[in-house]
Amino acid sequence: MEKGKELITLAQRIRALSQTGLAYSANEYEIDRCQELIKISNRITGIAGGIKEEEIDACYLPAKEYVTPKVDVRAVIFNEKNEILLVREKADGRWAMPGGWSDVGYTPKEVAVKETREETGLDVRAERLLAVIDKRCHPYPAGPFYVYKMFILCEVLGGVLSGSFDILDQGFFALDNLPPLSLDRTIPEDIRMMDELRHHPDAPVYMD
């Protein structure tokens, strides 16, 4: 990657983490540090990209006319018994494919690998994109965000199933014996569709 572009990507990552900190922190010291990091991010972006710092801030003002969807990346992982890997979410005690919101500074493949490692302890290789769906077009419960979901087929390379702070458990399940699903994250239709798509490597990516 070109050095200037790499610096801007790192600056975007710093800014994304800082803005998340501002959204959730009530501590004045933490707020001050996050605001300082945003200024540093702007400075790096300005130097690397030849952009005025005030123009950078303007890009991050809340959109009034053009709102973009959030992107949810899910890792699709089957074992040799044709069982699918699911994680039990701490948020609702139900099960979903490993994954979550796409992070700034990571490609979709990297998000799938990172989320799987964090949530399951397994090291995987992202093989191919199976589907990009518009959550609105499928029977998910209503939610506050407009969401696109990306499903990436992954192969397990190693590791041992283990938990994380926001995951209660992990396991492989037969498709005819699924646990209660976290329906905001994974619905039965997702699992049926991914099982079908993974068997057709030459088929085009499914898109809504």
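**Salt bridges, domains and a few residues**

Author: By the rule used here, the count comes to 13 salt bridges. Keep in mind that this is a predicted model.

Reader: Which residue forms a salt bridge with D72?
Author: K149 does, and the closest N and O atoms are 2.4 Å apart.

Reader: Which residues are linked in a network of salt bridges?
Author: D103, K114, E115 and E118 are.

Reader: Tell me about K114. Where does it lie?
Author: K114 lies in helix α4, residues 108–120. The side chains of K114 and D103 are joined by a polar contact of 2.7 Å. Not counting residues up to four places away in sequence, K114 touches D103 and Y106.

Reader: Why does K114 count as buried?
Author: Its relative accessibility is 13%, and buried means under 20%, so K114 falls in that class.

Reader: Changing topic. How is the chain divided?
Author: Into domain 1, residues 1–59, and domain 2, residues 70–207. Their centres, taken over C-alpha atoms, are separated by 30 Å. Four residues from domain 1 and four residues from domain 2 take part in the contact.

Reader: How much area do they bury between them?
Author: About 300 Å², with 64% of it on carbon and sulfur atoms.

Reader: Which residues in domain 1 lose the most area?
Author: T9, R13 and A16, which together make up 89% of what the domain 1 side buries. The residues on the side of domain 1 that touches domain 2 divide into one nonpolar, two polar and one charged.

Reader: How many salt bridges are there between the domains?
Author: The count between domain 1 and domain 2 is zero. The rule does find one residue pair in polar contact across their interface.

Reader: Next, A126. Where is its place?
Author: A126 is in strand β5, residues 122–134. At 10% relative accessibility, A126 counts as buried.

Reader: What is A126 in contact with?
Author: Leaving aside neighbours within four places in sequence, A126 is in contact with K109, V113, I152, L153 and C154. A126 and C154 are 28 residues apart along the chain, and their C-alpha atoms are separated by 4.4 Å.

Reader: Last one: what is the phi of N82?
Author: About 65°, a positive value, although N82 is not a glycine. Most residues other than glycine have a negative phi.

Reader: Where is N82 found?
Author: In the loop between β1 (70–76) and β2 (84–89). N82 is partly exposed, with a relative accessible area of 42%.

Note on methods: Residues are numbered from 1 along each chain as its sequence is written. This is a predicted model: local features need pLDDT of at least 70, side-chain atom pairs count only at pLDDT 80 or more; totals for chains, interfaces and linings use all residues. Side-chain values use heavy atoms; hydrogens and water are left out. Helices (H or I, at least four residues) and strands (E, at least two) are DSSP runs, numbered from the N terminus. Buried means under 20% relative accessible area, exposed over 50%, partly exposed in between (1.4 Å probe, protein chains only). Contact means heavy atoms within 4.5 Å. Domain bounds come from an automatic or database domain assignment. Buried area is the accessible area (1.4 Å probe) that two parts lose on being put together, summed over both. A salt bridge is a side-chain nitrogen of Lys or Arg within 4 Å of a carboxyl oxygen of Asp or Glu. A polar contact is a pair of N or O atoms within 3.5 Å; within protein, one must be able to donate a hydrogen and the other to accept it, and residues adjacent in sequence count only if both atoms are side-chain atoms. Ala, Val, Leu, Ile, Met, Phe, Trp, Tyr, Cys and Pro count as nonpolar, Asp, Glu, Lys and Arg as charged, and the others, Gly among them, as polar.
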